[in-house]
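Hi there,

Have a look at it first, and then read on.

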Amino acid sequence: MTTGILKSAKSAQSADKLSVWRGTWALIRFRPWYFAANLGLGVVVLGSELIPGLISRRFFDELTGAAPATLGIGTLLALFVGVQLGRATLNIGYEWGGWLVRSVNNVLMRVNFMANILAKPAARPMPVESGDAIHRLDRDVGDFADFPTWLPQMIGQGFFFTFAIAIMARINPWITLVAVLPLLAVFFINRVAWRRFLLYDRATRVASSRVTGFLGEILGGVQAVKVADAETGALRYFDALSEARRRAGVRQNTFLTLSFSIGQSMGDVAVALVVLLAGQAIQSGSMTIGDLTLFVTYLTIAVHFPADMGSFMSEIAQQRVVLDRLHELHPDAPPASIVAHRPIYEKGDAPAVISPVKGTADRLERLEVVGLTYLHAAQGREGATSEAASGEWRVASGDNGTTDDQRPTTIDDSSLITRHSSLVTGISDATFTLPRGSFTVITGRVGSGKTTLLRALLGLLPPQERRGALERGDGGRPGGPLRPAARRLHPAGAAPVQPGGCATTS
Amino acid sequence: MLRHYLRPHRGRVALLFLLLGGSIALQLLGPQLLGRFVDAAAGGDGSANRLTVIAALFFAAVLAQKVIHLVTVYLTEDLGWATTNALRGDLTAHVLRLDMGFHKLRTPGELIERIDGDVGQLAEYFSTIVVNLLGNGLLVAGILVLVFVADWRVGLVGLTYALIMLTLFRAIQARMVRLYTRISQASAELLGFLEEYMTGTEDVLPNGGAAYVMRRLYPLLNGHAALRTRTYTLTVVVRSASWLLYAAAVAATMGLSALAFRAGTMSIGTVFLLVFYVGLLESPLDAVRRELASIQRALAGVNRTRELFVLQPEVGAAATGAAAILAGGPPAVRFEGVTFAYKDRPPTADGRPPQEETSDELRATSEESLNSDTSDGGRPSAVGGLSDAVLHDIAFALAPGRVLGVLGRTGSGKTTLTRLLFRLYDVDAGAIMLDGVDLRAVGLGELRRHVGLVTQDVQLFAASVRDNLTLFANYDPARPAIADVQIVAALESLGLGPWLRGLPDGLDTLLESGGKGLSAGEAQLLALARVFLRDPRLVVLDEASSRLDPATEGLLERAIDRLLAGRTGIVIAHRLRTVQRTDDILILEGGRVVEHGPRAALAADPGSRFYRLLQTGLEEVLV
């Protein structure tokens, strides 16, 4: 008989947080070509917005005689349409690339979520209500999936911004300087604004989660609500939650518009400043009507860059919150698993599930539990030590491999099941051996640890700091993971919930 | 639908329109000022002073427009939320009123999407239709009028451009609506799936179902994503096409103005003005396009909301007339030839009502004792062979103040019987009478105020202990408020005093959703506390079959004794102790009454099934 002691995986708490950039990078690398298209075409499409401005300028200059009519109005206008045709075509590729990045990442993160949920110690309840979890899967996943597409947009806009300023500065550096100042102010206004925005956004999301969470509960327990004639009361409570969400939502959006509209206004303020200053320059002939057109066109477009840059910076901070909220959905899995790469079978090519074929070697001959401990904190006690589990357990198979051991088994360890105090429940130092074919009754008071013991045996509880040993008599697979034991133990719970359409392998 | 919900806010709607008009006027003014400015600067006739005045006016117009815009956004947002919250509340109320059959077929996740998601779309509908679409539409119209005034040929160009754009949008509108409807369905299906499995992990995992769940997840996710990609592709193509149209319109404007300028019929300022105006058309038209898209999405949501509103509960419809009021005191209960079948679920293989009655599975040993005259041992529904009726011709009477013990195997119709008492469903034939009044003549609220139910599975909410125990009754203005003293007294009398004192915030402590962190016994006791606080006259108790330890059971037994005292009771019993507390016994089998009578008489009659049950050992049979 071989024995192996296995250190289980480190608890999730010790793992590092997933930084926004590492997460984004992981998403970008998942389908790099989509992102490459988004980025490359983005720079071309957004940067080439410089050309129409130049053409209009030439148009006005040739029209007013400020420039020699070398190209001719007809050629200029044909050029104008041609450039826009090219841009419109490339734009399809640019936006499509961005969309695919978003779409694929959405699927990936949801697949990851489900995989994590199915990998979590199952007896651990969902840390958030299902309605809330749905909300996060919808909005927060959407937010983070969208985040990589900010980069091409910002780079493209930055390209335009830089060259637009360079072109304007060559025409009139002073007017350019004065006009650019309000644009830069936009950036700082947005930077300051994001702190508050973040605060409001968090409040809105919390309020939203409450609404959907409660909605899920009354719909899930509709019979209880109906039978107790509690519809009116529950609806009033729901209205109160909705009202809280309305206040949060209005505050957030008004604030958002305020900072956004300041940003937009600054573009118009810049144009107004140019108009104020250009009067003399045009009269003195140092600036043409064409130049004025160029300034107005460029400034109206260029203001998007500092404004979006400010939003982008807030968005970065926002993604931190989003990632934390997503990680709360499966606290046992490492944060990096949110964006872990795995096949998502976009083409509907998911492989069929292979049912394991079990032979005699898979038989559980003897279940040996040594010093198994699992404690959880009682309800309503915040700050109490959450979980501490230690111990060792063995699943052993006898050498004979037969099932003739039908003798009644007694679990004779007096310390097997202990109710520790009113605070902490669970099992402590449970030690016993169950041979194959035996029938054991576990009994005890409410909270004495019956269910906890079963869950621990089935591997449904987080294996934090629990030492486990899987012992087998046939010399194969010594020291395997704890979970395989669960496959050979079949639960018959007190209140099974059988989700629709679920097939089982055990 | 929208109009109905906007009516209470008429004043603010009017203000909103006023501000919208002002904002548009200011936006139209800006380019006019620029045109004058260019003429003044280029013509050389304007003094520096005149230029400064024009520029300052331009500046002021821009600022004023921004302030008005901000107020508009605030008003829109506020109105949008206020109206949709009202609608959401009404829809939730409506959905709660719908029959259990409706709820059995839909997951909470799906309904959340309907109530929250679709109604959220309606909020968008409001803000887009009223503010953006109307605002931008008026802006486009205003620009076109001013362009026509300046030069009719350029006006024609602008008009043609706008018309082509709008036609383009209309062309794809129907397709978009179809796509959005499908997306929304796919989305509800996906979220329902996620919700179902994220809460069911404890049953999926030990049974090795994880791989199957994942395999079903992929097509759901990818199907949803593919639909959205198709929609997006359509949007992107249209957007790019509109860019091109815009370029053509601007080029045409430039060409026509250039000709007019050369002919000397147009000033350079007007050329500037026209190019500026036509350029200005793009943004509101693009906004109109976007808003048409979101309106399509919103309309899909509105349609689904309407569909939901159209559904009417069958139960309760009959009671809308002159609703009878039940008299005081413990009522007499009479079933008269009650037959009932579930009509709302897809036929299941075994004909059992889904979900419930899971914890009272029978052991093999009970087969002979209860199943003596159906030798095939099959499911009860197969016995009659008539239909899938769950209850057949049930008739019995229960005198006021007496307690009836209902016994029977899984699927014999016990739970269904109790559901009928609450009119969660209405009987197909026969009648149930309370004090001689047909249940269908009693208002649902009235009925459920007088009948209390304790089920095996206790529904607990993520709300305070107080709200959980009063079931939000204190939010209901039509009800007398339940004082904390009463709640504490109820908890103390159930032996939950120490538990309550251990809570960090007392009655204000928030319980976790689904009663996580509470033991089954505590949850049961809380359920009893609820019923005590409601003080019904008829108590229906679906006794928890197992899961309790002797000490807690002792607490429960005493509580149940007190609960049944002075009330009429119907108990689905699983334990001898509970059965001994009853006055009458009714044994169901295959949805039929096979034995009914006073407990003492049946127990004394060696020929009765009840006698045999007692001999076999009731607890083993019924647990």
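Below is what I found, starting with the chains and then moving to the details.

One thing to keep in mind throughout is that this is a predicted model.

**The two chains**

Chain A has 506 residues, and 52% of them are buried. Its secondary structure comes to 13 helices and six strands. Of the contacts in chain A with a separation of 6 or more, 82% are between residues 24 or more positions apart. The chain exposes about 21600 Å², with carbon and sulfur atoms supplying 60% of that area.

Chain B has 623 residues, of which 58% are buried. You will find 22 helices and ten strands in chain B. Here residues 24 or more positions apart make up 79% of the contacts with a separation of 6 or more.

**A helix pair in chain A**

In chain A, please look at helix H10 (residues 289–302) and helix H11 (residues 304–329), which pack at an angle of about 5° with their axes 5 Å apart. Angles under 35 degrees count as roughly parallel, and H10(A) and H11(A) are therefore roughly parallel to each other. On the H10(A) side the contact is made by A:Thr300, A:Ile301 and A:Ala302, and on the H11(A) side by A:His304, A:Phe305 and A:Pro306. By type, the residues of this contact are four nonpolar and two polar, with no charged ones.

**The sheet in chain B**

Next, the six-stranded sheet of chain B. It is open, with mixed pairing, and its strand order is E6-E7-E8-E3-E9-E10. Which strands stand at the edges? They are E6 (451–454) and E10 of chain B; each has a single partner strand, so one side of each is left without a neighbour in the sheet. On average, neighbouring strands of the sheet are turned by 15° against each other, direction ignored.

Going through some of the pairings:

- Strand E7 (residues 538–542) and strand E8 (residues 568–572) of chain B run parallel and are joined by five bridges. Among the pairs, B:Asp542 stands opposite B:Ile572, and B:Val540 has B:Ile570 as its bridge partner in E8(B).
- E3(B) and E8(B) also run parallel, with four bridges between them.
- Strand E9 (residues 584–589) and strand E10 (residues 592–598) of chain B are antiparallel and share six bridges. B:Leu588 has B:Val593 of E10(B) as its bridge partner. Two residues lie between the strands of this hairpin, where B:Gly590 takes a positive phi near 55°.

E8(B) itself deserves a look: five of its five residues are buried. In a regular strand, side chains alternate between the two faces of the sheet. In E8(B), B:Thr568, B:Ile570 and B:Ile572 point one way, while B:Gly569 and B:Val571 point the other way, and all are buried.

Helix H18 (residues 550–564) touches strand E3 (403–408), E6, E7 and E8 of chain B, and its direction makes about 150° with that of E7(B). Helix H21 (residues 609–616) touches E3, E9 and E10 of chain B, with its direction at about 90° to that of E9(B).

**Two residues with positive phi**

Finally, here are two non-glycine residues to check in chain B. B:Phe472 has a positive phi, near 65°. This residue sits in the loop between helix H14 (465–470) and helix H15 (484–493) of chain B. Is B:Phe472 buried or exposed? B:Phe472 is buried, with a relative accessible area of 0%.

The other is B:Asp535, whose phi is also positive, near 50°. B:Asp535 lies in the loop between helix H17 (520–534) and E7 of chain B. With a relative accessible area of 49%, B:Asp535 is partly exposed.

Note on methods:
Residues are numbered from 1 along each chain as its sequence is written. Chains are lettered from A and ligands numbered from 1 in the order in which they are written. This is a predicted model: local features need pLDDT of at least 70, side-chain atom pairs count only at pLDDT 80 or more; totals for chains, interfaces and linings use all residues. Side-chain values use heavy atoms; hydrogens and water are left out. Buried means under 20% relative accessible area, exposed over 50%, partly exposed in between (1.4 Å probe, protein chains only). Contact means heavy atoms within 4.5 Å. Axes are lines fitted to C-alpha atoms, for helices over the stretch in contact, and angles run from 0 to 180 degrees between N-to-C directions. Angles under 35 degrees count as roughly parallel, over 145 as roughly antiparallel, 65 to 115 as roughly perpendicular and the rest as oblique. Ala, Val, Leu, Ile, Met, Phe, Trp, Tyr, Cys and Pro count as nonpolar, Asp, Glu, Lys and Arg as charged, and the others, Gly among them, as polar. Two strands pair if DSSP finds at least two bridges between them. Accessible areas come from the Shrake-Rupley method with a 1.4 Å probe; for residues, only the protein chains shown count as cover.
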